[in-house]
Amino acid sequence: MEMPASTMKDFGHTAFDNKKAYVPQEEQGQAFFDDGREIELLHFIYGHPTIEEIRGSPEKVLEAIDEYGRTKKYLMNVGSDKGKIVSELVAEVKPQVMVELGGYIGYSALLFGNAVRKAGGKRYFSLERNPEFGAVIASLADLAGLSDVVKVVVGSSADSIKRLHASGDLEHIDLMFLDHYKPAYTTDLKLCEYLNLVTPGTVLAADNVIKPGNPPYLEYVRSNVEQKRKAAESEQSNGIDIKSQFGRNADQYKEREGEEKLNTEIKGNPNLMYESKLVNSFEPTGEPDGVEITRCIGLAE
């Protein structure tokens with residue numbers, strides 16, 4: 001049954017149900033995360049009247065998170081609309097190992113970790129820089145009964161990738177979800193290429209490529225081998241002007257976590273061939289956004 005027009009937003013070939021919208025994100029200059037709401041969310045869920053029904057159910061934990069986002073405070077989650085895009089990708093790819101960069105409070109770890117388990121996968125690594133957020137992810141993964149699949153790794157994304165690779169815990173990435181510090185999308189992908197974690201067959205899903213946007217990442221995954229080789233030779237590909245290209249998002253985590261230091265020396269593997277496309281969708285508030293789905297389809301000579 002079609003919903004009344006007053007409750008729908010059209011965007012391309014999709015529509016957003018306003019009844020499930022989160023409260024709006026706070027205005028510029030106001031905190032919209034890391035102000036105590038993440039711990040408040042834990043109390044909301046563990047004090048929920050249906051907590052015994054929630055225990056052991058990833059779906060019900062996600063419903064409780066959505067309830068908080070709709071009725072209390074905004075949460076910068078991937079949300080159900082974009083989440084469905086990636087969940088369907090998990091079902092298609094059937095990754096044995098999936099990695100997410102940026103876990104926040106665990107919405108994506110629960111949604112995609114559960115999808116990985118259903119698809120027969122073994123491990124979902126959730127890399128989160130903030131130790132408090134990491135603790136929230138671990139607590140909710142345990143509540144949802146996903147501790148056997150979801151592994152939370154606290155630290156900067158680049159350091160965590162290198163550490164997991166060096167220890168042998170991460171030998172290959174079948175599917176990667178990028179949803180962390182926006183300027184690090186490209187540099188972290190190149191690091192994974194350099195370490196041979198991303199190879200033909202790997203699939204990438206990058207969030208927030210419309211809101212707030214990520215031009216350097218889109219340029220990289222949409223470039224052909226010749227273009228990437230030329231950029232690498234001229235050292236243009238890693239010349240990221242963070243302030244001009246990312247605006248206020250460049251300093252999003254600076255106050256609490258300190259300034260993010262990006263490794264712009266690693267050139268990755270420009271010989272990897274990508275096929276990339278944008279899938280339009282919505283933020284949980286109803287604002288238009290999209291997920292860039294990128295498939296590594298080969299290695300050029």
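**Exercise 1.** In which crossing, left-handed or right-handed, does H4 pass H5? Determine also how the two axes are related.

*Solution.* The structure is a predicted model. Helix H4 spans residues 79-93 and helix H5 spans residues 107-118; their axes come within 9 Å and cross at roughly 30°. Angles under 35 degrees count as roughly parallel, and H4 is therefore roughly parallel to H5. As for handedness, H4 passes H5 in a right-handed crossing.

The next step concerns the residues that meet. H4 contributes Gly79, Ser80, Gly83, Val86, Ser87 and Val90, while H5 contributes Tyr107, Leu111, Phe112, Ala115 and Val116. By class, the contact of H4 with H5 holds seven nonpolar, four polar and no charged residues.

**Exercise 2.** Describe the packing of H1 with H6, from geometry to composition.

*Solution.* Begin with the axes. Those of helix H1 (residues 37-46) and helix H6 (residues 131-143) come within 10 Å and cross at roughly 15°. This angle makes H1 roughly parallel to H6. The crossing of H1 and H6 is left-handed.

Then list the residues in contact. From H1 these are Glu38, Ile39, Leu42, Ile45 and Tyr46, and from H6 they are Phe133, Val136, Ser139, Leu140 and Leu143. The contact of H1 with H6 has eight nonpolar residues, one polar and one charged.

**Exercise 3.** Apply the analysis to H7 and H8, and then locate Thr186 within its surroundings.

*Solution.* Helix H7 (residues 157-167) packs against helix H8 (residues 184-194) at an angle of about 15°, and their axes are 10 Å apart. H7 and H8 are therefore roughly parallel to each other. The crossing in which H7 passes H8 is right-handed. On the H7 side, the contact is made by Ser157, Ala158, Ile161 and Lys162; on the H8 side, by Asp188, Leu191 and Cys192. The residues of the contact of H7 with H8 comprise four nonpolar, one polar and two charged.

Thr186 is placed in helix H8. Its relative accessible area is 3%; buried means under 20%, so Thr186 is buried. Setting aside residues up to four places away in sequence, Thr186 touches Pro216, Tyr217 and Tyr220. For Tyr217, the backbone nitrogen lies 3.3 Å from a polar atom of the Thr186 side chain.

**Exercise 4.** How many helices and strands has the chain, and what percentages describe its burial and its contacts between residues at least 24 apart?

*Solution.* The chain has 13 helices and nine strands. Of its 301 residues, 53% are buried. Among contacts between residues at least 6 apart in sequence, 79% join residues at least 24 apart.

Note on methods:
Residues numbered from 1 in each chain as written. Predicted model: local features only at pLDDT ≥ 70, side-chain atom pairs only at ≥ 80, totals over all residues. Heavy atoms only, no water. Axes fitted to C-alpha atoms, helices over the stretch in contact; angles between N-to-C directions. Helix = DSSP H or I, 4+ residues; strand = E, 2+ residues; numbered from the N terminus. Parallel < 35°, antiparallel > 145°, perpendicular 65-115°, else oblique. Left-handed = near helix turned anticlockwise from the far one by under 90°. Contact = heavy atoms within 4.5 Å. Nonpolar A, V, L, I, M, F, W, Y, C, P; charged D, E, K, R; others polar. Buried < 20%, exposed > 50% of the residue type's maximum accessible area, 1.4 Å probe, protein only. Polar contact = N/O pair within 3.5 Å; in protein donor to acceptor, adjacent residues only side chain to side chain.
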